[in-house]
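Biologist: Could you take me through one part of this model in some detail? I'd like a close look, with the neighbouring pieces joined up as you go.

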Amino acid sequence: RLDCRPLCRSLHSFAFAMPGFLPRSIAAAAAAAAALLGCVVVPTKASECSLPLSSCMTTRCCKLDGWKCYAQNSGVARCKRSCTKSASWSCEELGPVRFGSGSDPSASPSPSGSFHAPPGSPVAQHGHIQVVGPRLIDAHGVPVRLRGMSLFWSQWGGKYWNSRVIKWLVKDWKISLLRCPMGVEAGGYLQKPRAEQRRITRVVDVAIRLGIYVIIDWHDHNATAHSKKATEFFDHMSKTYGKYPNVFFEVYNEPIQQLWATEIRPYCQSVVETVRKHTDNLLICGTRKWSQEVDEASLQPVKGKNVAYTLHFYAQSHKEELRVKARTAMANGVAIFVTEWGTCRADGNGTVDVLETKKWMEFLEEYNISDANWAISDKSEACSALQPKASVRGHWPVSHRKKHSRSTNSRLFAHHGGHH
């Protein structure tokens with residue numbers, strides 16, 4: 001018996017996948033021929049995809065069957081029939097991150113099917129996270145605390161921004177949260193927007209496949225001076241990833257001396273309004289003085305739903321006085337999210353303060369505050385989780401991890417019901 005499936009797929013492409021690209025008479029004839037052959041021709045959402053040879057960086061899919069979205073080394077992606085690797089083309093195949101029921105989370109994404117987080121994963125368990133008063137609540141109305149790790153600045157720690165490391169953190173460290181601090185200045189997004197955007201897209205895709213939550217972090221101390229670039233970036237990211245409950249948006253890492261009322265808050269409000277055009281996923285706003293003045297922000301909060309406020313601490317530098325600020329903010333009705341914390345001094349060095357770290361861990365547990373530890377890096381400083389030259393593929397033996405990271409690892413295991 002003649003296998004008509006290849007012909008059916010071609011007829012389907014001509015009949016449905018390229019509206020406006022071919023004369024209507026050809027499309028109609030293709031549909032009629034498909035019917036004669038007994039093809040089951042069902043229109044798809046191909047109208048949302050890109051035309052042949054056009055950019056597919058945002059859509060990550062192509063209208064015509066047989067055409068695929070291939071990436072260039074520079075961060076550009078185009079719909080092509082085929083791709084040959086060269087100095088300018090990496091030929092990495094891009095695609096929407098979606099899953100059908102029971103799919104393998106490590107497999108390549110498919111352009112069809114609806115989103116289902118892998119069974120048993122944090123996202124499958126909790127779903128869409130929302131802010132209710134000073135707490136984070138999951139899709140079932142239950143308070144939730146997410147725990148995980150932060151990667152290092154993308155432009156300097158990019159060697160660990162890969163799927164093998166993230167899979168290992170999920171499997172061995174039992175993280176439910178990954179923070180992706182995309183560097184903005186000093187050789188980051190402002191100088192290399194396509195490369196940085198590609199890097200963050202790659203790790204966010206992996207996090208979605210694995211069913212963990214992921215923070216897209218505009219890692220900048222001067223975001224108010226880069227508001228146009230930031231707004232454009234978050235417009236693109238929220239349009240691309242807003243459909244996935246996994247993805248949170250941290251819109252300003254650490255303001256320094258900028259004023260909350262006249263600089264930081266208006267900036268955050270502008271980005272919130274941009275993101276809300278596409279999604280109601282969680283947004284996290286930085287606060288004054290390296291994201292410590294959460295009490296001040298709580299008196300004039302940003303308008304809108306599902307907004308939390310960043311608190312950063314380093315145990316050797318920040319003690320009870322900062323916890324007082326956090327309690328005040330929560331008493332005023334705002335949610336706190338510790339997107340970055342360390343066991344050492346605020347500059348990343350010093351010594352590990354075991355006693356103060358213990359107090360902070362008890363505080364976070366008492367108030368059910370989500371957190372990400374700084375950082376997956378082998379930089380020679382106290383707060384790095386890894387020893388110099390630790391593998392860029394994960395699978396780190398004890399000897400390749402700093403002592404404090406082994407303690408953090410044990411806490412993550414305990415929080416998620418595991419053990420070492």
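Which strands close into a barrel, in what order, and is the pairing parallel or antiparallel?

Modeller: Happy to! Please keep in mind that this is a predicted model. The barrel is closed by eight strands, which follow one another as β6-β7-β8-β9-β10-β11-β12-β13, and their pairing is parallel. From one strand to the next the twist averages 30°.

Let's look at the end of that order. Strand β12 covers residues 335–342 and strand β13 residues 371–376; the two pair in the parallel sense over two bridges. Here Trp 341 stands opposite Asn 373 of β13.

Now step out to the helices. Helix α11, residues 320–331, lies across both β11 (307–314) and β12, and runs at about 170° to β11. In one, the side chains of Glu 356 and Arg 323 meet at 2.8 Å, N to O. Glu 356 belongs to helix α12 (residues 354–366) and Arg 323 to α11, so this pair ties together parts that are 33 residues apart in sequence. Glu 356 and Arg 323 are both buried. In the other, Asp 295 meets Lys 325 at 3.6 Å, N to O. That pair also links distant parts of the chain, with Asp 295 in helix α10 (residues 294–299) and Lys 325 in α11, 30 residues apart. Asp 295 counts as buried at 19% relative accessibility, while Lys 325, at 22%, counts as partly exposed.

The loops that follow β12 and β13 are joined as well. A disulfide connects Cys 344 to Cys 383, with an S to S distance of 1.7 Å. Cys 344 sits in the loop between β12 and α12, and Cys 383 in the loop between β13 and α13 (403–415), so to speak a link between distant parts of the chain, 39 residues apart. The torsion about this S-S bond is -110°, making the link left-handed, and both cysteines, Cys 344 and Cys 383, are buried. A search of the whole structure finds three disulfides. Another of them joins Cys 83 to Cys 91 at 1.9 Å, S to S. By contrast, the sulfur of Cys 268 lies 3.6 Å from the closest cysteine sulfur, that of Cys 285, which is too far for a bond. Cys 268 is buried, with a relative accessible area of 0%.

One more helix deserves a visit: α6. Of its 18 residues, 13 are buried, so α6 is largely enclosed by the rest of the structure. Within α6, Glu 196 and Arg 199 lie three residues apart, about one turn of the helix, and their side chains meet in a salt bridge of 2.8 Å, N to O. Glu 196 is buried at 2% relative accessible area, whereas Arg 199 is partly exposed at 22%. Just after the helix, Gly 211 takes a positive phi of about 80°.

Methods:
Residues numbered from 1 in each chain as written. Predicted model: local features only at pLDDT ≥ 70, side-chain atom pairs only at ≥ 80, totals over all residues. Heavy atoms only, no water. Buried < 20%, exposed > 50% of the residue type's maximum accessible area, 1.4 Å probe, protein only. Helix = DSSP H or I, 4+ residues; strand = E, 2+ residues; numbered from the N terminus. Pairing = 2+ DSSP bridges. Axes fitted to C-alpha atoms, helices over the stretch in contact; angles between N-to-C directions. Contact = heavy atoms within 4.5 Å. Salt bridge = Lys/Arg side-chain N within 4 Å of Asp/Glu carboxyl O. Disulfide = S-S within 2.5 Å.
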